[in-house]
Amino acid sequence: MNPKSPADELATIRAEINRLKAREGELRAAYLTQPDLPRQGRWHQVELITHTTRVFDPRLLPVEVRNDPRFQRERVTRTLRTIPPLPPYPGKPTASPRSRSLFGHSLVH
């Protein structure tokens, strides 16, 4: 078996998560819009529970308060993206078979 590089594995996992989330969304929508859909499965049961909570909505504040820097703060986020590799430039050397990933796995087999 040809082990995947961590980058390829991460991209594969994210694609599978996206597929599962899409299917979950379809099933959730079906249960919310079709009350006669069977809720009892072989191993699980679906319950529809409704909660009401109060939430703070800053959009309801006067614009002077929302735009006042005294009530604002910066938040730093870090994102790890997976993107397809760019095609190699003509004449650019490819990775040697001894190239290693961060986890010590050979990237080229």
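Mentor: A residue counts as buried under 20% relative accessible area, as exposed over 50%, and as partly exposed in between. Please keep in mind that this is a predicted model.

Trainee: Where does Arg19 fall, then, by relative accessible area?

Mentor: Arg19 has a relative accessible area of 47%, so it is partly exposed.

Trainee: Which side chain does Arg19 meet in a salt bridge?

Mentor: The partner is Glu16, with an N to O distance of 2.7 Å. Glu16 is itself partly exposed, at 36%. Both residues belong to helix H1, which covers residues 6–33, and they lie 3 residues apart, about one turn of the helix.

Trainee: How many salt bridges does the whole structure have?

Mentor: The search finds 4. One of them joins Arg23 and Glu26 at 3.0 Å, N to O. These two are also in helix H1, separated by about one helical turn. Arg23 is partly exposed at 43%, and Glu26 is partly exposed at 47%.

Trainee: And what about Asp57 and Arg59, what do their side chains form?

Mentor: They form a salt bridge with an N to O distance of 3.0 Å. Asp57 is partly exposed at 22%, whereas Arg59 is exposed at 63%.

Trainee: Changing topic, what is the secondary structure of the chain?

Mentor: The protein chain has 2 helices and 0 strands.

Trainee: What share of the residues is buried?

Mentor: Of the 109 residues, 6% count as buried. The chain exposes about 11,300 Å², and carbon and sulfur atoms supply 57% of that area.

Notes: Residues numbered from 1 in each chain as written. Predicted model: local features only at pLDDT ≥ 70, side-chain atom pairs only at ≥ 80, totals over all residues. Heavy atoms only, no water. Helix = DSSP H or I, 4+ residues; strand = E, 2+ residues; numbered from the N terminus. Buried < 20%, exposed > 50% of the residue type's maximum accessible area, 1.4 Å probe, protein only. Areas by Shrake-Rupley, 256 points an atom, 1.4 Å probe, with all protein chains shown as cover.
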